[in-house]
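Student: I'd like to learn how to read a model like this one, feature by feature. Can we go through it together?

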Amino acid sequence: MLKILNTNHSQLTTHMFEEVATTTEGDLVINVGPQHPSTHGVLHLLITLSGETIKNVEPHLGYIHRSIEKMCESLSYRQFIYVTSRMDYLSSHINNHGCALCVEKGLQIEITPRARVIRVLMDELTRLASHQLWWGAMAMDVGALTPFFHAFREREAINDIMEETCGARLTMNYIVPGGVMFDLHPNFQNRVKEFIRFFKTKIDEYDDLVTGNIIFQSRMKRVGYLSKEDAISYGCTGPTARASGVSCDIRKLYPYEVYGNLKFDEIIETGGDCFSRYLVRMQEMRQSLSIIEQLIDNIPDGEFQTKTKAVLKLPKGEFYSRVETARGEFGVYIISEGGTTPYRIKFRSPGFSNLSALNHMAKGHKIGDLVAIMGTLDLVIPDIDR
Amino acid sequence: MFSLEGITKSIDRWLNSTFHPTLALLLEFLIVGLCAITLFAVLGLVLVLMERKVSAYMQIRRGPNRVGPGGSLQTVADTIKLTMKEGLTPDGADKFLFNLAPFVVLTVAMLVLAPIAFAKGFQLWDINIGVLYISAVSSVSIIGILMAGWASNNKYSLLGAMRSGAQIVSYELSAGLSIISMVVLTGSLQISDIIASQQNGWWIFKGHIPAIIAFVIFIIAVTAETNRAPFDLAEAESELTAGFHTEYSGMKFALFFLAEYVNIFIVCAIGATLFFGGWMPLHIGNWTGFNHIMDYIPSSIWFLGKTFFLIFLIMWFRWTFPRLRIDQLLNLEWKYLFPISMFNLLLITVMAIMGWHF
């Protein structure tokens, strides 16, 4: 059975692993997904078990592949940004941001200071919302159902702020080449300040509710170890790699917009296990809060969008830009032939590389650990499949 | 003290005077059976609603609030929905065992109900080995769960059943040991004797710290035995979708569900009987005035109050704790709970022999 499944489409994924699955007599091969409560989407894992112990995990992708990269080739430089909101739907602002940066690089336009600050504010709010959802979903994966509702209460506040300014709650399409689509809503500053005050008390509550729990810690510590070398060789980025001691925050290493002028820390843990990944994300929420605090009273006046031509044409050449999403490094690679549409687009999504380390991390652990590891990887399946 | 004893006695007397003694006995069987089944249905409805309301309260939401006043008829509506659903039997399943399993689990839950004293003089069967009977019969339910897991022909179900088997067999030890420690203090296996021995104080107060340790171990062990979070590995939604009852639908699923809640009620009732004096009111030493006021509260209220307090405790666990992993679960039992309860039993035995308890 495994051999048949190993042939066609899964060849794409099997080459990433050092060894191909071998089943022996008495092993149990189980399909986790494509419909499963803890894969958070249509991820299909073929796991080989010996009793409860995992011998091999083989992710099968493609259940939500919408050929976004191919679609972008027939869309203009203004249009293709709308599609990217649908990739990693939990950080749609940041996806839009990466694409807008790449197009602006090609057009060589400078955006206004106001637009820069608005973009960073939106990015950080998105990161907070994404981490909140992750926190709730991950707690649910290890069996605690209540945190999910608490996380959603706070995420709802961010969604309301977004709704006022962008007109959307999930796929914002707010950041466009040349700036942002609309100016901020007059209530924006007050509501964000209110949210910061509210969330500062709640994030301590998060720690009280989950972080210190002895069962939670025993489920997280020494589980899913990923060494620094492995994190680099699997191409892991974002909190997943930073928990293994790899410094890879694009906001620090290659600052874009106003990140260079801001005071914030790159969170690096050296444990490499699930608990380190958890701690990195929890501390990142506090860093995002401090970034928002620094900017919210210092939004410069001026235009929110620079004047651009009605039809954008990138000069012939190759352009690459990268941003730090909630899950890691998101890269946009555009090849232009000089026309109104890109010749080829490639997105480097963080989820795909992070998922590739799953087999390495889960081997030898129990089924419950696999679910915990997947929770701390913070996978968003449309981001992996695109 | 109000008591239902008068009512049950008078019914018994009336039946015996009107009918032949054998027929009267048969009629009593029938009445008792009907009562037990009604109690089952009512318990299921009340406990499911209670669980949903408790979880809603903990999760900052309202819970069911549309069907009936305050959502009180929600579980009735759910039951009607479940009875109308098709009871699927999957292809390749062992049809006989698959369909038998829910009834085994439910029947066991019903049997354990027999020796429990709901109020003064309101007990189905005051057998002289009551506690032994309870621990013996309740361990049969694992057979039903294994049957369900094996017969479903589903790997998730099989894993869930295997986990459940390992879990229930292990945790029965410490549950049994903490029950035995209370039996040592009482000197009797009969439920009515155990309750009577707590006339002037419940064992949890009279038995010093060892009794409290026994109670804590008992609560942990029964939470595991009833497959409740944080020990809900047999169902483990995020890992095994629904564990051993993945393939069950309609009324067959409802029977498992019902059995789970009735089991919770039963273990809490046993806990209340052993540690909190069953229907015995709260009596404090020589405070005659206080004791007198307490006596005016009906014994059934005392029993249900204690039981529902313990049920709330178990529900509280479920909605706050993450789930343990299977090896951590077994470690907890074999490396911590089992040795502690062994030592605790020793302490209690010494205490009982020397008469150190109040």
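Student: Among contacts in chain A between residues at least 6 apart in sequence, what percentage join residues at least 24 apart?

Tutor: Keep in mind that this is a predicted model. The idea is to see how far along the sequence contacting residues sit. In chain A, 70% of the contacts between residues at least 6 apart join residues at least 24 apart.

Student: What do I look at for the overall make-up of chain A?

Tutor: Start with the elements, then the dimensions. Chain A has 17 helices and eight strands. Its radius of gyration is 21 Å, close to the 21 Å from the globule rule for 386 residues, so chain A is as compact as a globular protein of that length. The C-alpha trace spans about 70 × 50 × 35 Å along the principal axes, and 50% of the 386 residues count as buried.

Student: Into which domains is chain A divided?

Tutor: Domain 1 covers 2–60 and domain 2 covers 68–385. For a pair of domains, look at the distance between centres and then at the contacts. Here the C-alpha centres of the two domains of chain A lie 28 Å apart, and 16 residues of domain 1 are in contact with 17 residues of domain 2. On the domain 1 side, strand β3 (residues 53–60) gives the largest share, six residues. That side divides into eight nonpolar, six polar and two charged residues.

Student: Is L61(A) buried or exposed?

Tutor: Count the neighbours. L61(A) has 20 other C-beta atoms within 10 Å, so it is buried; the cut-off is 20 or more.

Student: Where is Q108(A) found, and what is its phi near?

Tutor: Q108(A) is in the loop between α5 (92–107) and α6 of chain A. Its phi is near 55°, a positive value in a residue other than glycine. Q108(A) counts as exposed because it has 8 C-beta neighbours inside 10 Å.

Student: How many residues does helix α6 of chain A have?

Tutor: There are 29 residues in α6(A), spanning 113–141. To read a helix, compare its end-to-end reach with the expected value: α6(A) reaches 42 Å from its first C-alpha to its last, close to the 42 Å expected at 1.5 Å a residue. Then look at burial. In α6(A), 26 of the 29 residues are buried, so the helix is largely enclosed by the rest of the structure. After α6(A) comes G143(A), with a positive phi near 105°.

Student: How many residues of helix α16 of chain A are buried?

Tutor: Eleven of the eleven, over residues 367–377, so α16(A) is largely enclosed by the rest of the structure. Among them are D369(A), I373(A) and T376(A). Just after this helix, D378(A) takes a positive phi of about 55°.

Student: Which residues have the most contacts inside the largest nonpolar core?

Tutor: They are I373(A) and I266(B), in a core of 190 residues. Helix α12 (residues 250–276) of chain B gives the most to this core, 18 residues. The core also draws at least three residues from each of domain 1 and domain 2 of chain A. Leaving out residues up to four places away in sequence, I266(B) touches A109(B), V112(B), L113(B) and I116(B).

Student: How many residues of chain B are in contact with chain A?

Tutor: 21 residues of chain B, against 26 of chain A. With an interface, ask which elements supply it. On the chain B side, α11 (237–240), α14 (299–320) and α15 (326–354) each give two or more residues. Sorted by type, that side has nine nonpolar, five polar and seven charged residues.

Methods
Residues are numbered from 1 along each chain as its sequence is written. Chains are lettered from A and ligands numbered from 1 in the order in which they are written. This is a predicted model: local features need pLDDT of at least 70, side-chain atom pairs count only at pLDDT 80 or more; totals for chains, interfaces and linings use all residues. A residue is buried if 20 or more other C-beta atoms lie within 10 Å of its own, exposed if 12 or fewer, and partly exposed in between; C-beta atoms are placed from the backbone. Helices (H or I, at least four residues) and strands (E, at least two) are DSSP runs, numbered from the N terminus. A nonpolar core is a set of buried Ala, Val, Leu, Ile, Met, Phe, Trp, Tyr and Cys residues joined through C-beta atoms within 7 Å. Domain bounds come from an automatic or database domain assignment. Two residues are in contact if their C-beta atoms, placed from the backbone, lie within 7 Å. Ala, Val, Leu, Ile, Met, Phe, Trp, Tyr, Cys and Pro count as nonpolar, Asp, Glu, Lys and Arg as charged, and the others, Gly among them, as polar. The expected span of a helix is 1.5 Å times one less than its number of residues. The radius of gyration is taken over C-alpha atoms; the globule rule is 2.2 Å times the number of residues to the power 0.38.
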